[in-house]
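Please go through the model below.

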Amino acid sequence: MSVELLINVTPSETRVALVENGQLQEVHVERQARRGIVGNIYKGKISRVLPGMQAAFVDIGMDKAAFLHASDIVPHTECVAIKEKEQFQAGNIAELVRQGQDIMVQVVKDPLGTKGARLTTDITLPSRYLVFMPGSAHVGVSQRIESEAERERLKRVVSSYVDELGGFIIRTAAEGVGEQELEQDAAFLKRLWRKILERKQKYPPCRVIYEDPSLAFRVVRDFVGAELDKIRVDSRQSFESLKRFCEEYVPELADKLEYYAGESPIFDLYDVENEIQRALERKVELKSGGYLIIDQTEAMTTVDINTGAFVGHRNLEETIFNTNVEATAAIARQLRLRNLGGIIIIDFIDMQSEDHRRRVLHSLELALAKDRAKTNVNGFSQLGLVEMTRKRTRESLEHVLCSECPECHGRGRVKTVESVCYEILREIIRVNRAYDADQFTVYAAPAVAEFLRGEESHSLAELEVFIGKQVRVVSEPLYSQEQFDVVMM
C-alpha cells in the first residue's frame, strides 16, 4: 500500500493530507490565527468552582473559561492537599481546588462550539519514543508492542531514567530502538520539563508556558512508525526545518522527506482539493449507486444509508446487504476525513437476517481499525441503529472551514418564497391596525417581489380592498429571501 503525506504551507495556513493508495484519508488544517491548543500547558487561575457539576472553570487567558473536572485532577499535582494524597480519589471538587487558586493545567480538548477547552492536571509531554509523565514513578508500555520480551526489555531500560521528576510511557515507535536513542529522548523531555517549571515560577497567571509544536512537526512526530513512503513539502523553509527535526529526532523519516517544487499546487496531486470540497457536502455517493447522508449537529453525528439507484442482481435482501457492506468502508473513511467525533448514530438499511447484521457490524469494525482515533462500536440498538463513539480532540473539518449560514442561521433551510409572501401580507394587516398610514411600500428580495406581483397579485389586490389602501412592491436586490420591510407612507 502506498502512503504519502502532503504538506501545504502558506504564511497564514498549514494543511496536511494523508493519502493512501491515491485516495485522501485525512486532512489536518491549522491557521496561524486560530492554532489549536491541545497539548499546550498553562498557568491558570480557578475562576469558579461548581460543586454540583464536580468541576471548576479555569481562566487560562482565553475568551472562554476552560473546564476542569474532578476526575481530571491527579494526586501528584498541587491541587490536592498533602494530607489527602494518600487516600486521593476524584471526590468533592471543593476539597481539591479553591476559587482564585493558581494551577498548572494542560489542554486535552480544543474549544468546540460554545464550550471552552477541556483541561487536565495530568500533564504529559510526548517525544519520538517516550511520553513523559511529571510527578509519576510509573513506566508504561504501548499495547501495540506485542512481544513480551521486547516489552520487558524496554521497561527495564526506561525504568532507569525514572527519578523525582517523573515517569514515562513507551510509545509504539520505540519497538526495537536502542538504549542510546531512548536515553536521548528521556534527557530531552526532562530538560523541557525543567524549562516549564522555570516558566511556571516566573510567569503571571493566565499565561501559556508551553506550546505544542506546529502542525507539520506534530504530524511527522505522530506518524512515526506508520508505513509512510513519502513526505512532500511545498515550502522550502518548512522543508529545511522539518529536515533538521527529522535528522535529530526521526532519522528513519529523513530520507522520505521531499521538497515539492512542481508547477501545479501540491494539493492538486491525487485530486485532494476536490476531495476536501466533497467532504463538506451532506451526500456521499457510493460506487454501487447507493449513497450516505451525513448530518453533523452539536450533540451527535447521524449517518443514513440509502440504496439509491442500486438495484442489485439477485433479490432485495442481498441488495440491501451489499449496500450496507459497501457503506461501512465509506463511513470509516468519512469519519477520518471529516474528523467527526463524539456520538455517531448510523442508520443502516433494515436487514432481516441476523447473519447479515453481524457481518455488516464486523465489516464496520474492520474498516475502523485503520483509524488512529479511538473508536467504540456498541452494535445494533433495539431500533436497528448502530451506536458508536469516536474520540474527538479538535474541531471537525466543517467547523474549521465553514461558518454558520448568514441567511438560514444554521437551520440548513430558508422559508419558501410563498411563505415569505404570506408573512408580508400578515405584517401589512398588523401594521395597518396599529398605525394610521395613507399607503404602504414593501421592500423584498427580487424573487419574493416577483411572486407578489405575479402569482399572488390577486391576494395583494384583495388586501388593498380590505384595508382600503394602496400597497406598492419594490424589489431590493441586496435582501436575502426571508428579509423584507413594510414601510408606512
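Q: Into which domains is the chain divided?
A: This is a predicted model, where local features need pLDDT of at least 70, side-chain atom pairs count only at pLDDT 80 or more, and totals for chains, interfaces and linings use all residues. Residues are numbered from 1 along each chain as its sequence is written, and side-chain values use heavy atoms, without hydrogens and water. Bounds come from an automatic or database domain assignment. The chain comprises domain 1 (3–35 + 214–272), domain 2 (40–210), domain 3 (281–401) and domain 4 (417–488).

Q: How many residues of domain 3 are in contact with domain 1?
A: Contact means heavy atoms within 4.5 Å. Domain 1 contributes 13 residues, and domain 3 contributes nine.

Q: Which residues of domain 1 lose the most area to domain 3?
A: Buried area is the accessible area (1.4 Å probe) that two parts lose on being put together, summed over both. Domain 1 and domain 3 bury about 1,100 Å² between them. On the domain 1 side, 37% of what is buried belongs together to Gln25, Glu26 and Val27.

Q: How are H11 and H12 oriented to each other?
A: Helices are DSSP runs (H or I, at least four residues), numbered from the N terminus. Axes are lines fitted to C-alpha atoms over the stretch in contact, with angles from 0 to 180 degrees between N-to-C directions. The axes of H11 (residues 417–434) and H12 (residues 446–453) cross at roughly 70 degrees. Angles of 65 to 115 degrees count as roughly perpendicular, so H11 and H12 are roughly perpendicular.

Technical notes: Helix = DSSP H or I, 4+ residues; strand = E, 2+ residues; numbered from the N terminus. Parallel < 35°, antiparallel > 145°, perpendicular 65-115°, else oblique.
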